[in-house]
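Subject: Structure handover

Hello,

Here is the structure I said I would pass on. My notes on the pocket, the ligand and a few backbone details follow it.

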Amino acid sequence: MKASAKAPSNIAFIKYWGKKNEVLRLPENGSISLNLDNLWTKTTVEFNPKYSKDFVTINGEAETGEESRVIKHLERIRKLAGINHKAKVVSYNNFPIATGLSSSASGFAALTVAAAWAAGLNLSEKELSILARQSSGSSCRSIPDGFVQWLAGNTSQTSYAVSLYPPDYWDIVDVVAIVSEGKKEVSSTSGQQMAISSPFFKLRLAKIKEKIRLIKKFMAKKDFPAFGELLEVEALELHAIMLTSTPSLIYWTPGTLMIMKLVKKWRQSGIEVYFTINTGQDVHLICQGKTKATVLAKLKKINTVKKIIINKPAQGARLVQKHLF
Ligand code: DP6
């Protein structure tokens, strides 16, 4: 059977960094994120006895090799569904992959929803989130709608994401400043394995539950300055862990740093905007809808910014009618 799905990428306000179980992708800590409406993946999956092997095409390029994460995920889904037909997978992202814009989150969420349905499984949101998590941790947060919490859990069945608020709950905008379209040198998966080597990682874990409690409180009150301050502190803490890992991970470029400093300067002049950064050089500028035009006007004047992507809160992964083949 053939099925197609569309899934958003997401930006974490409290980050997932470090796994307590590599195989099941159980995170060391819970995380909080927002689904993004303008960074998405569409994927079509067909399981059919006519295919002699799995064919995977991402953005027009064939993926090969048994080690492919996509094929491993297809295996997981075939096992669950009790089928053994090979599959054809065609996937399209509306943004560059592997540059730190969380293409694995949208990509694996779309793959999970399309492949599960194509394999004849009718799974709940929770089951889809658990399944997606095993392919790429952050993709479990792209399954539910809007503002999302990933409950860390201690077992596969207790580690999944839930929606805290629907997309229209809060008029938050994520303006992504692309400073380079170069692919990152170290993947999130490899980077995460180094987290534990940072002398500060244990301290981070000791304080993370309180951080999650606080950010949820600020979200409930829609206290934007408190929310923004905390998400920025969290991004800097994530990068402090990366910088102090062995080997150290430096994802920033001069363009990244320049925007970080400018955001702080703009705030001093009264503009309510905060930054967060993942495993890449690009900067996510988080503001409210009413501040979007001011932030855009400022960013457009910076010539190191190659491209700007504006995101509103989005719903989670969904099946779609239109197939890609
Ligand atoms: C910095 O979900 O890409 O973006 O589970 O190994 O696929 P894997 O890692 P991934 O890591 C995301 C890391 C992050 C933080 C976050 O999104 O929470």
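The expected span of a helix is taken as 1.5 Å times one less than its number of residues. For helix α6, residues 224-243, that rule gives 28 Å for 20 residues, and the end C-alpha atoms are 28 Å apart, so the two agree. Please keep in mind that this is a predicted model.

At the start of α6, aspartate 223 places a side-chain oxygen within 3.3 Å of the backbone nitrogen of alanine 226.

The largest pocket holds about 890 Å³ of space. It is lined by 44 residues, and those closest to its centre are Arg69, Ser103, Ser104, Phe108 and Ser136. Two or more lining residues come from each of β4 (31-47), α1 (69-81), β7 (87-93), α2 (103-118), α4 (188-193) and α6. Of these, α2 gives the largest share, with five residues. Sorted by class, the lining has 20 polar, 14 nonpolar and 10 charged residues. Both domain 1 (2-167) and domain 2 (172-311) supply at least three residues to the lining.

Ligand

There are 16 residues around the ligand, and the ones that come nearest are Tyr16, Arg69, Ser136, Gly137 and Ser138.

- Threonine 189 has a polar side-chain atom 2.8 Å from an oxygen atom of the ligand.
- Glutamine 192 has a side-chain N or O atom 3.0 Å from an oxygen atom of the ligand.
- Serine 104 has a side-chain N or O atom 3.4 Å from an oxygen atom of the ligand.

Backbone

Two places are worth a look. The peptide bond from threonine 246 to proline 247 is cis, with omega near -10°. Proline 247 sits in the loop between α6 and α7 (254-268). Arginine 25 is not a glycine, yet it has a positive phi of about 55°. This arginine 25 belongs to the loop between β2 (19-21) and β3 (26-27).

Regards

Note on methods:
Residues are numbered from 1 along each chain as its sequence is written. This is a predicted model: local features need pLDDT of at least 70, side-chain atom pairs count only at pLDDT 80 or more; totals for chains, interfaces and linings use all residues. Side-chain values use heavy atoms; hydrogens and water are left out. Helices (H or I, at least four residues) and strands (E, at least two) are DSSP runs, numbered from the N terminus. A polar contact is a pair of N or O atoms within 3.5 Å; within protein, one must be able to donate a hydrogen and the other to accept it, and residues adjacent in sequence count only if both atoms are side-chain atoms. On a 1 Å grid over the protein atoms alone, a cavity is a set of points where a 1.4 Å probe fits but cannot get out, and a pocket is an open set with protein on both sides within 12 Å along at least five of seven lines; lining residues have an atom within 4 Å of a point. Grid points are joined across faces, edges and corners, and a volume is the space filled by probe spheres set on the points. Ala, Val, Leu, Ile, Met, Phe, Trp, Tyr, Cys and Pro count as nonpolar, Asp, Glu, Lys and Arg as charged, and the others, Gly among them, as polar. Domain bounds come from an automatic or database domain assignment. A residue is near a molecule or strand if one of its heavy atoms lies within 4 Å of it.
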